[in-house]
Amino acid sequence: IIIIIIHLFCLNSYTNNKNFSHFLEVGLASSSSMLIVRRVWHKLVRSSTPRFLYPYPAPALLRAPKLPFTGYTTNSINIKIESKVGWRLFSSQALADGGMSDRIVDVPLAQTGEGIAECELLKWFVKEGDEVEDFQPLCEVQSDKATIEITSRYKGKVAQFQYVPGDIVKVGETLLKMVVEGAQVPPQKHDVTENIISHCSEGEVNKNKTCGVLSTPAVRHLGKQYDINLNDVHGSGKDGRVLKEDIIKHAIQKGIIKDSSGFENADSGDQFLRGEEDYSYVPAELGSQHGDKTIPLRGFQRTMVKTMSMAAKVPHFHYVEEINCDALVELKESFQNNNTEPGVKHTFLPSLIKSLSVAISKYPWINSRFNEDSMEVILKGSHNIGIAMATPSGLVVPNIKNVQSLSILEITKELSRLQQLALANKLNPEDITGGTITLSNIGAIGGKFGAPILNLPEVAIIAIGRIQKVAHFADDGNAYPVSVMTVNIGADHRVLDGATVARFCNEWKQLIEKPELLMLLMR
């Protein structure tokens, strides 16, 4: 009891006098007090973790290990009794740490790849109010090159979405806001609501008509569709949040719509979360009209616009040839009949890809790139053969890396992997970059041949038609059925000439018509 009284007297004296020398003079009067002073100095001043001093009993103080006295390096000790709760006394630092509130942080769209400036938001994996862990997937976005999952950098709660599926988000813009523990982020002055409301500048408020209003992205989208300023809508939700019903009621009052029955069964929140729904809120009186529909181009379709526009400026020429595929048909049937792997399906394409690589080895200019700025041609060492694929998301061209080092079976498996990822819209950036030549199998859909356009910066692209039986006249004048495939090679006339392409095509044709020659040339 005496020790505690002396200790409290020391603290009270220092608090009243604000004098360190006086604090030492009184505090060092007792060896027991000295022990407490050293403990206060070492344990409270040098530590940011909460500490509690118990007047009685005080087992932690009585059993505290003795620490060597190293002296004091400053002229003052910033100790102040901030609060008293029951019998517990808290240091100011402990109170600051223990009372640290949660913070609001912006989760931006990070750079997803070189040269990527914006992405389309495809869908959310979480809802507003959900608790998320570190590295948990938040949403899925699609750039010009690939589909990517955005993961959380924090552990906390989703506060508010800034975009809905289908929106275009620029790199660096805020995707959503999260409430996280204060220790994870730098201190901020405002609470969650203040940060959300003050996020938009005055110019943005006038432009978007939604900033500063508590609402979900689905509600903001509905207001935008009917050109309703959410600041003019009375919110009936918690804290004045604008709900879907508030938008409908406001639209009816203003005469924008006359019948709200079409909205009664619509759950905008569920539609927003699924990401695949079309936000087509059509009034009942307009349901029978057939008007134009504007569809924005996104993802791979945008990429096709850019690449084809650039390719149209390049001087093309095309070389067409017919190839006898009787031997190729027999080879494919032999592969399938002797297949020992149930998950592997043999087709014509892997054999065509491998024979193409062998022909490229003899004519490397076909597998090159042209640098217009330096007027140089780069002969690529790797045969990264791209395969044009039609997917629900648009045209995409993943490529099989280092075909010159792969067997036909390995090519078959890699081609199957790329096809599955393309259909699921899950291709990685590595899968669709680095191609050196493109093969377009238009015959898988239909048609005899096509006139392909270059996939820059490549200098050659090959379109192959379907294999079909035709009558072929032999040297003896008799007609025989032959499996024929038409190929059309598009080439960059700045780099390749007709003679080079013709010789290359003859080499490739020979390997297809006589696949046994691949045995001599494959490594």
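This is a predicted model: local features need pLDDT of at least 70, side-chain atom pairs count only at pLDDT 80 or more; totals for chains, interfaces and linings use all residues.
A residue is called buried when its relative accessible area is under 20%, exposed when that area is over 50%, and partly exposed in between. Side chains of opposite charge can pair when their charged atoms come close. In this model, the count of salt bridges comes to 13.

One of them joins Lys-157 to Glu-131, with 3.9 Å between the closest N and O atoms. Lys-157 belongs to strand E9 (residues 156–161) and Glu-131 to strand E6 (residues 131–132), so this pair ties together parts that are 26 residues apart in sequence. Glu-131 is exposed, at 54% relative accessibility, whereas Lys-157 is partly exposed, at 36%.

A further salt bridge brings together the side chains of Lys-413 and Glu-341, at 3.1 Å from N to O. Lys-413 is found in helix H14 (residues 408–423), while Glu-341 sits in the loop between helix H12 (326–337) and helix H13 (349–362); the two are 72 residues apart, and the pair links distant parts of the chain. Lys-413 is partly exposed, with a relative accessible area of 39%, and Glu-341 is partly exposed as well, with 28%.

Helix H14 also holds Arg-417, whose partner Asp-431 lies in the loop between H14 and strand E19 (437–440), so that parts 14 residues apart in sequence are tied together. The side chains of Arg-417 and Asp-431 meet at 3.1 Å, N to O. Arg-417 is partly exposed, at 32%. Asp-431 has a relative accessible area of 8% and is therefore buried.

Finally, salt bridges with shared partners connect Glu-372, Asp-492 and Arg-494 in one network.

How values were computed:
Residues are numbered from 1 along each chain as its sequence is written. Side-chain values use heavy atoms; hydrogens and water are left out. A salt bridge is a side-chain nitrogen of Lys or Arg within 4 Å of a carboxyl oxygen of Asp or Glu. Helices (H or I, at least four residues) and strands (E, at least two) are DSSP runs, numbered from the N terminus. Buried means under 20% relative accessible area, exposed over 50%, partly exposed in between (1.4 Å probe, protein chains only).
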